[in-house]
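Below is a walk through one protein structure, taken part by part. Keep the sequence and the model in view while reading.

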Amino acid sequence: MTSKDHFGGGSQLEELNGFTNPGLPEHKPRIADKDPKAAKVAERQVALWFVLSMVGTIWFIVSYFLFTPGETMQSIRLHNTSVGLGAAVAMFSIGAGAVLWAKNLMSDHEGIDERHDIGGSEEDQAVALEILHQAKEESGIARRPLLRNTLIAALAIAPLPAVLVFRDLGPLPGDKMFTTLWDKGVRLIQDPGGVPSAESERPIKADDVTIGSAYHVLPSGIGDEEASEHPLNEKAKAAVLLMRIDPKELHEDPDRKDWSHDGIVAYSKICTHVGCPVALYEHQTHHLLCPCHQSTFDVTEHCKVIFGPAKRPLPQLPISVDGEGYLVAQSDFPEPVGPTFWEINHP
């Protein structure tokens, strides 16, 4: 229920169910409404908050480069405190300035707008434009250039700290999500656990792989610093399961017949669902099972999914045998390993 006079002062009040609508209280002008000097002081106070926000943003940027975190906890604490203080001042000052602007300088007349249907007629468009014009006048943003300019400047540089924070996430990954250390001629070695060294590498000969056996395999040289700056990350992508089954039980596609060697096949160990390690091999059914969500893959048919939430087969690593009888890769995986997400977003 509303009064007939929306801004108070009306004498005709509606009554409903024994209750009389008291209407809106009488508007009491503020000091800034009556005294131009007080309004000017309030305007400068708000502008000062916006300037202080800019100072906080600049301090964040300066601190980011000036107090570079080192290896000591003290340097890290100093860096975090400095940039955190700058970010806090920058964000708080914008909010404080906006609150003071609304409290002391914007129109504080109370009013009631009846809800009505909004259409696309010219009349509705005129009403919308009138509302925007009214908001501009009541905020004072058009006639107060000091507030307008300082607010725009504060908001313009406020996102700069975020750019520096994103910079700390490291260089762009490029095609690292879609490639591994497997390459033509790279030997298959048994996974010794941890990061293998040159001394711990144990290449696998084709004659050593018996029917029903399964090997956890890595590419030779994965522990070499020249090959990878982050060997554990590369190991997580390049991990392979090597199995040998009776060649008569393999149902290979014609274009993949040369990807195996006498029943020996190699598939990525990383589940295509969410990236868990597929480590359970049932040699009688030739099924690989992911223990996380029970996705099951059939080794005899290029590890196609026969159960579970995975949406695509495990990527197959093409293998062959070198002149010394050792198993080697023919190339990298022909498709990204791991969750399907990477395949979908592959450029």
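**A buried arginine and what surrounds it**

Arg144 is buried, since its relative accessible area is 13% and the cut-off for buried is under 20%. The model in which this value was computed is a predicted one. Arg144 sits in the loop between helix 4 (122–139) and helix 5 (145–157). Which residues is Arg144 in contact with, leaving aside its neighbours within four places in sequence? They are Ala39, Glu43 and Leu105.

The protein as a whole has 347 residues, and buried residues make up 34% of them. Its secondary structure consists of eight helices and twelve strands. The accessible surface of the protein is about 21,200 Å², and carbon and sulfur atoms account for 58% of that surface. Contacts can also be sorted by separation along the chain. Of the contacts between residues at least 6 apart in sequence, 62% join residues at least 24 apart.

Next come the spans annotated in a record. An unreviewed UniProt entry lists residues 46–67, 82–102 and 146–166 under "transmembrane region". Two of these spans can be set beside the model. Residues 46–67 are 95% helix and 0% strand, with 31 Å between the end C-alpha atoms. Residues 82–102 are 100% helix and 0% strand, and the end C-alpha atoms of this span lie 31 Å apart.

In what order do the strands of the open four-stranded sheet lie? The order is 7-8-9-10, and the pairing is antiparallel. Strand 7 and strand 10 (304–307) are the edge strands, each pairing on one side only. From one strand to the next, the twist averages 30°. Strand 7 and strand 8 run antiparallel and are joined by three bridges. Tyr281 has Leu288, in strand 8, as its bridge partner.

The cysteines are the last topic. How many disulfides does a search of the whole structure find? The search finds one. This disulfide is formed by Cys276 and Cys292, whose sulfur atoms are 2.3 Å apart, and the cut-off for a disulfide is within 2.5 Å. The link of Cys276 and Cys292 is left-handed, with -105° about the S-S bond.

Are the two partners buried or partly exposed? Cys276 is buried, because its relative accessible area is 13%.

Cys290, by contrast, is in no disulfide. The nearest cysteine sulfur to Cys290 belongs to Cys271 and is 3.9 Å away. Cys290 counts as buried because its relative accessibility is 1%. Cys303 has 0% relative accessibility, so Cys303 counts as buried too.

Methods:
Residues numbered from 1 in each chain as written. Predicted model: local features only at pLDDT ≥ 70, side-chain atom pairs only at ≥ 80, totals over all residues. Heavy atoms only, no water. UniProt positions renumbered as here; feature names shortened; annotations may be inferred. Helix = DSSP H or I, 4+ residues; strand = E, 2+ residues; numbered from the N terminus. Buried < 20%, exposed > 50% of the residue type's maximum accessible area, 1.4 Å probe, protein only. Pairing = 2+ DSSP bridges. Axes fitted to C-alpha atoms, helices over the stretch in contact; angles between N-to-C directions. Contact = heavy atoms within 4.5 Å. Areas by Shrake-Rupley, 256 points an atom, 1.4 Å probe, with all protein chains shown as cover.
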